[in-house]
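Subject: The structure, and what turned up in it

Hi,

Here is the structure I promised to pass on.

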Amino acid sequence: MDVDIGNALGTDPGVTQEGLETLDERVADAHERIERGMADDEFGYASLNLPETADPAAIRAAVEPFGQPAAVVTVGIGGSALGAATLAKALPSPVDAYFLDNVDPDHVERLLADLPLADTVVNVVSRSGTTAETLSNFLVVRDAMARANVDWTERTFVTTGESGNLRQLAERHDLPALDVPEGVPGRFSVLSTVGLAVAALQGHDVEAVLAGGADGRDALSGSLFDAPAYAYGATSYALAQEGALTNVMMPYAESLETFAEWFAQLWAESLGKEEVGQTPARALGATDQHSQLQLYRAGPRDKVVTLVRPRERAEVGIPQTDLEGLSYLGGSSLGELLDAEFEATEASLAEASRPNVRIEIDRVDERALGELLYGMEAACVLYGELADLSTFTQPAVEWGKKAARGLLGGGDFEEADAVAEKRELIVGNGNN
């Protein structure tokens with residue numbers, strides 16, 4: 001993974017070479033703190049040890065009894081699903097992967113109606129075993145299998161903590177069970193059992209994913225000018241200090257669209273605290289050149305755009321044509337066109353003095369994805385250190401969970417009482 005921060009220098013908002021060199025002294029201190037946290041396996045920092053602590057053999061053993069199914073459905077939410085979805089959407093496989101990460105009844109009903117339930121594996125992921133959305137969806141899936149005369153116990157494995165409802169369920173029905181690693185928040189868990197089980201079931205090389213993560217770990221150093229992940233994290237932080245409070249993640253590869261979703265959770269949940277942080281936005285090149293670039297180039301100067309692309313991709317030739325004005329396309333390829341679109345967007349932003357950062361990986365494969373995912377995690381941790389934030393907690397998320405649980409009768413939570421205090425100013429036609 002390479003990170004080019006040249007187009008963040010001298011922009012508006014922007015940083016300077018001198019400013020980054022000054023900030024680099026703090027990066028060195030932050031790196032020492034991160035290394036101590038990793039060495040002591042501290043909560044959160046343990047995430048950065050996963051390339052060496054994850055056990056791919058245990059993952060393969062858990063999914064091996066299922067062979068090669070037609071489909072796998074992960075029932076989880078947030079970090080329990082997005083990491084696995086990123087790998088599944090990026091890498092081709094004969095095993096279709098689906099993710100029940102919402103409790104929208106229409107979506108759940110449609111998905112279950114279309115799935116070949118007799119040849120589908122269900123992966124239920126919840127550290128606590130009490131996540132309302134996850135457990136509710138699992139009960140619905142289990143019921144659908146029973147109504148289809150499918151033995152759900154033969155088609156299900158769980159990924160959970162040492163105790164709780166899912167652990168008890170696994171023990172009662174002798175289900176394969178993977179351990180959620182200790183000290184690893186969900187949004188940092190992609191390089192663990194949480195993110196890799198589906199990849200293994202789909203036939204992907206999980207060792208290569210972890211090797212890519214190890215490449216990212218080995219690239220960390222005490223200077224942002226030597227470590228791509230730190231270059232990204234430090235530059236993002238410095239730009240935010242200058243007013244770039246929105247970070248647009250814009251991969252130029254359809255296979256990386258879900259990566260932008262994963263990044264959005266990582267960045268928002270880790271860094272959005274104490275009335276600071278950078279708001280992640282998701283875009284897809286070249287599609288969103290036609291829907292969002294106008295805003296990024298000519299709207300408020302409060303954004304940095306992160307452009308991501310693989311250096312190598314499949315080539316699909318563009319046929320020759322005698323249509324007037326289009327003959328220049330013939331003989332080139334869709335990949336060349338996409339690269340031209342990438343560079344045009346980059347140049348367009350730079351010409352308007354809008355900060356942007358280029359991230360390049362060799363190709364979209366297991367090893368490159370492992371390095372990219374690890375790099376973004378390390379960048380996020382560094383940003384948190386520089387901003388003096390509690391990167392690995394999510395108090396606002398926990399507040400919402402308690403409120404929802406209280407409303408459903410799952411306990412007496414004062415957070416649920418706040419719902420009754422909602423202000424109303426209804427504008428409507430009176431027919432609802």
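R311 is partly exposed, with a relative accessible area of 37%; buried here means under 20%, exposed over 50% and partly exposed in between, using a 1.4 Å probe and protein chains only. R311 makes a salt bridge with D2, and their closest N and O atoms are 2.2 Å apart. By salt bridge I mean a side-chain nitrogen of Lys or Arg within 4 Å of a carboxyl oxygen of Asp or Glu. This pair links distant parts of the chain: R311 sits in the loop between β9 (303-310) and α13, D2 in strand β1, and they are 309 residues apart. Helices (H or I, at least four residues) and strands (E, at least two) are DSSP runs, numbered from the N terminus. D2 counts as partly exposed too, at 40% relative accessibility.

Before going on: this is a predicted model, so local features need pLDDT of at least 70 and side-chain atom pairs count only at pLDDT 80 or more, while totals for chains, interfaces and linings use all residues. Residues are numbered from 1 along each chain as its sequence is written, and side-chain values use heavy atoms, with hydrogens and water left out.

Back to the charges. R311 also forms a salt bridge with D362, with 2.9 Å between the closest N and O atoms. D362 is in the loop between β10 and α14 (366-387) and R311 in the loop between β9 and α13, so this pair ties together parts that are 51 residues apart in sequence. D362 is partly exposed, at 39% relative accessibility. Salt bridges that share partners join D2, R309, R311, R313, D339, E343, E346, R358, E360 and D362 into one network.

Another pair to look at is R309 and E343, whose closest N and O atoms are 3.3 Å apart in a salt bridge. R309 lies in strand β9 and E343 in helix α13, so the pair ties together parts that are 34 residues apart in sequence. R309 is buried at 8% relative accessible area, whereas E343 is partly exposed at 39%. The structure holds 24 salt bridges.

Helix α13 (residues 334-351) also contains L334, which is partly exposed with a relative accessible area of 47%. Together with V316 and L337, L334 forms a nonpolar surface patch of about 240 Å² accessible area. Patches are made of residues with over 30% relative accessible area and no salt bridge, like charges being joined within 9 Å and nonpolar side chains (Val, Leu, Ile, Met, Phe, Trp, Tyr) within 5 Å. The areas come from the Shrake-Rupley method with a 1.4 Å probe, and for residues only the protein chains shown count as cover.

Which residues of α7 (165-173) are buried? They are L166, R167, L169 and A170. Seen down the axis of α7, they fall within an arc of 160°, so they line one face of the helix; the arc is that of the directions from the helix axis to the C-beta atoms. They pack against β4 (120-126), α6, β5 and β6 (177-179). On the other side of α7, E171 and R172 are exposed. After α7 comes D174, with a positive phi near 55°.

In strand β4 you will find V124, which is buried at 0% relative accessibility. Beyond its neighbours within four places in sequence, V124 is in contact (heavy atoms within 4.5 Å) with V75, T134, F138, T156, F157, V158, T159 and L166.

R155 is in the loop between α6 (132-147) and β5 (156-160), and is buried at 14% relative accessible area. A polar atom of the R155 side chain lies 3.2 Å from the backbone oxygen of T120.

- D12 and P13 are joined by a cis peptide bond, with omega about 0°; P13 is in the loop between β1 (2-4) and α1 (17-39).
- The G285 to A286 peptide bond is cis as well, with omega near 0°; A286 lies in the loop between β8 (279-282) and α12 (293-298).
- E274 is not a glycine but has a positive phi of about 55°; E274 is exposed, at 63%.
- S353, again not a glycine, has a positive phi of about 60° and is partly exposed, at 23%.

Cheers

Methods
Polar contact = N/O pair within 3.5 Å; in protein donor to acceptor, adjacent residues only side chain to side chain.
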